[in-house]
Amino acid sequence: MLSDTAIAAKIAPGIAQLQPYQPGKPLSELERELGIRDSIKLASNENPLGCSPAARAALQCGIDQVARYPDGGGFALRQALAAHHRVGSDWITLGNGSNDLLDMIARVFLYPGRESLFSQYAFAVYPISSQAVGATLSIAPAHDYGHHLTAMAERVTANTGVVWIANPNNPTGTHLSGEQLYPFLAALPREVIVVIDEAYIEYAAGAHPDATQWLPEFPNLIVTRTFSKAYGLAGLRIGYSLSHPAIAELLNRVRQPFNANALAQAAALAALGDQAFIAASVALNRAGMEQLQAGFTALGLCYIPSKGNFIALDLGRPAAAIDQALLREGCITRPIAGYGLPNHLRISIGSEAENARLLTTLAGLLAPC
Ligand SMILES: *Cc1c(COP(=O)(O)O)cnc(C)c1O
């Protein structure tokens, strides 16, 4: 706490109301706290397969170069991403995780008097990055836990700076089809920036539009992607955006010179080349999703249908007690009361064994004794 109110009174507008993002606890810390071992973490939507062996090999090689600054322009990785997405490399901006890009976008396009528009149950970083730069939050009510695009469109004003949409959405797993999303984009004024956050797009392939297809048509569109989820590189912090080069040039003005570290660039480049690993990860996720859904249904529990690598389970009563009981049994999941969903737990899809353990533990806790 700042005891010096003179200092507290001088902080930037927006920071006073801000609460720090609450990350899931690391396994080691939780095990220490509870005095338990062999716990499973299904709390942060990480890949149960780890990362591609090619990425591991690239990390080994990269260690020799850590005394050097990374390539601040991210040349090789941006070239590879450009080829992967069939755009010019000047459409790619690298970030220290895709959260870094969300922050850059807020800094370029939001400021006091401007509105930041997103949905109820949207990703927590949108309000944090927006408030940090003093923008006004505009929150549209959700429909069935997902984006209600009509309600969002109605909230667009002359002051709207950025519209944020995660597709699929975290923490609900809901998704928007191309038929829903395209008319919304087409109707937005071209001076309003729209961010489509595709952190989970790999898991939704087939059932899903890939917003990068609309980049040539919409100069106000920014699509963000990450290596943290399906690529299994969350600990390295690497993500990127795709946008018109004019937007990328603006983002580069506020980008820290070496925001994408050397090991992250090397691992991401290798990981991008191993699409078989992505296919295996997506297949494992699909099987795990079915396993968990069937298990929840057998327990008489409802859940929000999800296109991500996680599922928001509805316990039908405040989830905090079950969350604590799961923790004591070594199962870490994510309470999402902070998102306005006090009865839900967000459970990441794990390996088959992890999913089975979660289900067995949950069954034991819910059973009348
Ligand atoms: C996990 C996640 C991200 C990715 O964050 P990184 O900074 O790339 O690790 C972005 N958006 C959403 C909605 C997420 O859930």
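Asp 38 is found in the loop between α2 (27-34) and β1. Although Asp 38 is not a glycine, its phi is positive, at about 55 degrees. Keep in mind as you look around that this is a predicted model.

**From the loop into the strand**

Let us move on to β1. Strand β1 covers residues 40-41, and Lys 41 has its place there. Which side chains does the side chain of Lys 41 meet in polar contacts? One is the side chain of Ser 44, at 3.4 Å. Another is the side chain of Glu 46, at 3.0 Å. If residues up to four places away in sequence are left aside, Lys 41 touches Lys 25, Leu 27, Glu 46 and Ile 332.

**Two cis peptide bonds**

What kind of peptide bond leads from Asn 167 to Pro 168? The bond is cis, and a cis peptide bond joins Asn 170 and Pro 171 as well. The table sets out their omega angles.

| Peptide bond | Form | Omega |
|---|---|---|
| Asn 167 to Pro 168 | cis | near -5 degrees |
| Asn 170 to Pro 171 | cis | about 20 degrees |

**The whole chain**

Now zoom out. The secondary structure of the protein comes to 14 helices and 13 strands. Along its principal axes, the C-alpha trace spans about 60 × 55 × 50 Å. How does that fit with the length of the chain? A compact globule of 369 residues would have a radius of gyration near 21 Å, and the protein agrees with this because its own value is 21 Å.

**Where the domains meet**

The protein is divided into two parts: domain 1 (23-50 + 276-366) and domain 2 (53-273). Notice that domain 1 is written as two stretches of residues, with domain 2 numbered between them. The C-alpha centres of domain 1 and domain 2 lie 25 Å apart. Their contact takes 23 residues from domain 1 and 22 residues from domain 2.

How much area do domain 1 and domain 2 bury between them? The figure is about 1900 Å², with 66% of it on carbon and sulfur atoms. On the domain 1 side, Ile 278, Lys 307 and Tyr 339 supply 35% of the area buried against domain 2, more than any other three residues.

What about particular interactions across this boundary? Between domain 1 and domain 2 there are 0 salt bridges, while 5 residue pairs are in polar contact, both residues being at pLDDT 80 or more. The elements that give two or more residues to the side of domain 1 touching domain 2 are α12 (275-298), β10 (310-314) and β13 (341-348). Helix α12 gives the most to that side, with 5 residues. Sorted by type, the residues on the side of domain 1 that touches domain 2 divide into 10 nonpolar, 11 polar and 2 charged.

Conventions: Residues numbered from 1 in each chain as written. Predicted model: local features only at pLDDT ≥ 70, side-chain atom pairs only at ≥ 80, totals over all residues. Heavy atoms only, no water. Domains from an automatic or database assignment. Contact = heavy atoms within 4.5 Å. Buried area = accessible area lost by both parts, 1.4 Å probe. Salt bridge = Lys/Arg side-chain N within 4 Å of Asp/Glu carboxyl O. Polar contact = N/O pair within 3.5 Å; in protein donor to acceptor, adjacent residues only side chain to side chain. Helix = DSSP H or I, 4+ residues; strand = E, 2+ residues; numbered from the N terminus. Nonpolar A, V, L, I, M, F, W, Y, C, P; charged D, E, K, R; others polar. Rg over C-alpha atoms; globule rule 2.2 N^0.38 Å.
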